[in-house]
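Hi,

Here is the structure I promised to pass on to you.

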Amino acid sequence: MGQFQPVTHVLFDMDGLLLDTETLYTITIQQIANQYGGKVFTWEMKSRLMGMMGREAAVAIVETLDLPIEPEDYMNSSQQIMARMFPSCQFLPGAERLLRHLHSKGVHIALATSSSRENYELKTTHHGSVFQLFKHIVTGSSDPEVKHGKPAPDIFLICASRFPEPVPHPSSCLVFEDAPNGVKAARAAGMQVVMVPDPRMDPLLTQEATLVLKSLEDFKPELFGLPAYD
């Protein structure tokens, strides 16, 4: 049990960790690719792109799928499709229970998502009461302070710095992630990270995580010095 250090603050990714949005992204990307006779968007392609922000992701998708359009065209098309789909997304197993538990025990929690503010609002349309539990929310694609997307550590360092005083040291923060780039970002920030990867993920891409779980339902808060479930 000695390999985990106790923490006081917890930072959460959103897409594919708390909310089941990754499926919606895949459907969106494939719909656009199909319009232009592009390639099939495979899981292997997807795992490389996870956690990228805004235009950076659009550039990578256009290149990866050989689409005969500009990244801006891709962004406009995808936004229209996602605006219809995102409000229907649901919590992944164990997510709401964990957030409500930590909040009820007085643990400071925050959200660090690569999403834009606009997409964040769409995705949380029906989940506002739970997302209000976060001390604050950083939406990387819309936040001028977040200069570099994951795997750079910016988003987690900035998110941690916005907790109320006393601001926690990175070593006192625990990150929850589903994507390899997010795990790299958390480690680069000097934080421990619990990874809940998609079951299709290559195990080699999970090795940098402090702890790997099949589901948030399996998390035991006391491993990191946090209050246990009642």
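Five helices each put at least two residues into the lining of the largest pocket: α1, α2 (43–49), α3 (54–64), α4 and α6 (117–123). Of these, α4 gives the largest share, with six residues. Bear in mind as you look that this is a predicted model.

The space in that largest pocket comes to about 610 Å³. There are 32 residues lining the largest pocket, and Tyr25, Met52, Met53, Gly54 and Ala57 are the ones closest to its centre. By class, the lining of the largest pocket splits into 14 nonpolar, ten polar and eight charged residues.

Next comes the second largest pocket, with about 350 Å³ of space. Its lining has 22 residues, and Gly16, Asp20, Leu92, Asp198 and Pro199 lie nearest the centre. Here the elements that give two or more residues are α1 and α2, and the largest share, three residues, is from α1. The lining of the second largest pocket counts ten nonpolar, five polar and seven charged residues.

Since α1 and α4 both came up above, how do they sit relative to each other? The axes of α1 (residues 22–35) and α4 (residues 71–85) come within 10 Å and cross at roughly 135°. Angles over 145 degrees would count as roughly antiparallel and 65 to 115 as roughly perpendicular, so the two helices are oblique to each other. Their crossing is right-handed. On the α1 side, the contact is made by Leu24, Tyr25, Ile27, Thr28, Ile29, Gln31 and Ile32, and on the α4 side by Tyr74, Ser77, Ser78, Ile81, Met82 and Met85. That contact holds nine nonpolar and four polar residues, with no charged ones.

- Lysine 150 and proline 151 are joined by a cis peptide bond, with omega about 15°. Proline 151 is in the loop between β3 (137–139) and α8 (154–161).
- Glutamate 165 and proline 166 are also linked by a cis peptide bond, with omega about -5°. You'll find proline 166 in the loop between α8 and β4 (173–177).
- Aspartate 66 has a positive phi of about 55°, although it is not a glycine. Aspartate 66 is in the loop between α3 and α4.

Cheers

Note on methods. Residues are numbered from 1 along each chain as its sequence is written. This is a predicted model: local features need pLDDT of at least 70, side-chain atom pairs count only at pLDDT 80 or more; totals for chains, interfaces and linings use all residues. Side-chain values use heavy atoms; hydrogens and water are left out. Axes are lines fitted to C-alpha atoms, for helices over the stretch in contact, and angles run from 0 to 180 degrees between N-to-C directions. Helices (H or I, at least four residues) and strands (E, at least two) are DSSP runs, numbered from the N terminus. Angles under 35 degrees count as roughly parallel, over 145 as roughly antiparallel, 65 to 115 as roughly perpendicular and the rest as oblique. A crossing is left-handed if the near helix is turned anticlockwise from the far one by less than a right angle, and right-handed if clockwise. Contact means heavy atoms within 4.5 Å. Ala, Val, Leu, Ile, Met, Phe, Trp, Tyr, Cys and Pro count as nonpolar, Asp, Glu, Lys and Arg as charged, and the others, Gly among them, as polar. On a 1 Å grid over the protein atoms alone, a cavity is a set of points where a 1.4 Å probe fits but cannot get out, and a pocket is an open set with protein on both sides within 12 Å along at least five of seven lines; lining residues have an atom within 4 Å of a point. Grid points are joined across faces, edges and corners, and a volume is the space filled by probe spheres set on the points.
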